[in-house]
Amino acid sequence: MIRDILVETCRRAHKVEVGNNLSRDHSKTRPADILLPNWFLGRTAALDVSITSPLNPVILLEAGVSATAAAQATESRKHNANDPKCSDLRWVCVPMDVETYGAWGKEATAIISSVASRLATSMCRPKSIVLNEIYGRLNLHLVRANATAILSR
């Protein structure tokens, strides 16, 4: 899963807490798949991982205009759904959306870049190489998941 690769990468950067219901209550809303403690100004980043198809009829027209329109639409929807709960918990909501064709949303790109910086520093390697490795693993998994979905039809 994309989420699992992100969790493992964040763990290697020493910045992760993972769980199925990280809000620590029993409501049906789950604002985070991954928590990054003390991420932004001492606040925890709540990462909500999702995959969006740009062929979704609701966003198809927008997706034809911009390469990341579907991811941006999903990011906006995730903010509307999760910001109030994250705010109550003093977390920062960060949608981590990728389109089925591999385009990442702006917020996901920023987080991945930041995690790559931390990981590169801890490994004494260039950030560009670490970032390429992260995206390579994520995109390889995405391609495999797409192929599996097509073959199972």
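Analyst: Happy to! Let's begin with cysteines: a disulfide is a pair of cysteine sulfur atoms within 2.5 Å. By this rule the protein chain has zero disulfides. Some background: this is a predicted model, where local features need pLDDT of at least 70 and side-chain atom pairs count only at pLDDT 80 or more, while totals for chains, interfaces and linings use all residues. Residues are numbered from 1 along each chain as its sequence is written, and side-chain values use heavy atoms, with hydrogens and water left out.

User: How do you know that Cys86 is in no disulfide?

Analyst: The nearest cysteine sulfur, that of Cys93, is 4.5 Å away. The rule asks for sulfur atoms within 2.5 Å, so Cys86 is left without a disulfide.

User: And why are Cys86 and Cys10 called buried?

Analyst: Buried means under 20% relative accessible area, exposed means over 50%, and partly exposed lies in between (1.4 Å probe, protein chains only). Cys86 has 1% relative accessibility, so Cys86 counts as buried. Cys10, at 4%, is buried too. Buried residues make up 43% of the 153 residues in the protein chain.

User: What makes Lys78 buried?

Analyst: The same cut-off does: Lys78 has a relative accessible area of 14%, and because buried means under 20%, Lys78 qualifies. Lys78 sits in helix H3 (residues 69-88). Leaving out residues up to four places away in sequence, Lys78 touches Asp48, Ser50, Asp83, Cys93 and Pro95, where contact means heavy atoms within 4.5 Å.

User: What counts as a helix or a strand here, and how many are there?

Analyst: Both are DSSP runs numbered from the N terminus: helices are H or I with at least four residues, and strands are E with at least two. The protein chain has five helices and four strands, running α-β-β-β-α-α-β-α-α from the N terminus on.

User: Why are H3 and H4 called roughly perpendicular?

Analyst: Axes are lines fitted to C-alpha atoms, for helices over the stretch in contact, and angles run from 0 to 180 degrees between N-to-C directions. Angles under 35 degrees count as roughly parallel, over 145 as roughly antiparallel, 65 to 115 as roughly perpendicular and the rest as oblique. H3 and H4 pack at about 90°, with axes 8 Å apart, so they are roughly perpendicular. Gln72, Glu75 and His79 of H3 meet Lys106, Glu107 and Ala108 of H4.

User: What makes a group of residues a nonpolar core, and which members of the largest one touch the most others?

Analyst: A nonpolar core is a set of buried Ala, Val, Leu, Ile, Met, Phe, Trp, Tyr and Cys residues joined through side-chain atoms within 4.5 Å. The largest has 29 residues, and Met96 and Ile112 touch the most other members. H4 gives the largest share, seven residues. Apart from this core lies another, of six residues, including Ala32, Leu35, Ala46 and Cys86.

User: Which residues does Ile112 touch?

Analyst: Not counting residues up to four places away in sequence, Ile112 touches Leu6, Met96, Trp104, Leu131, Ile134, Tyr135 and Leu138.
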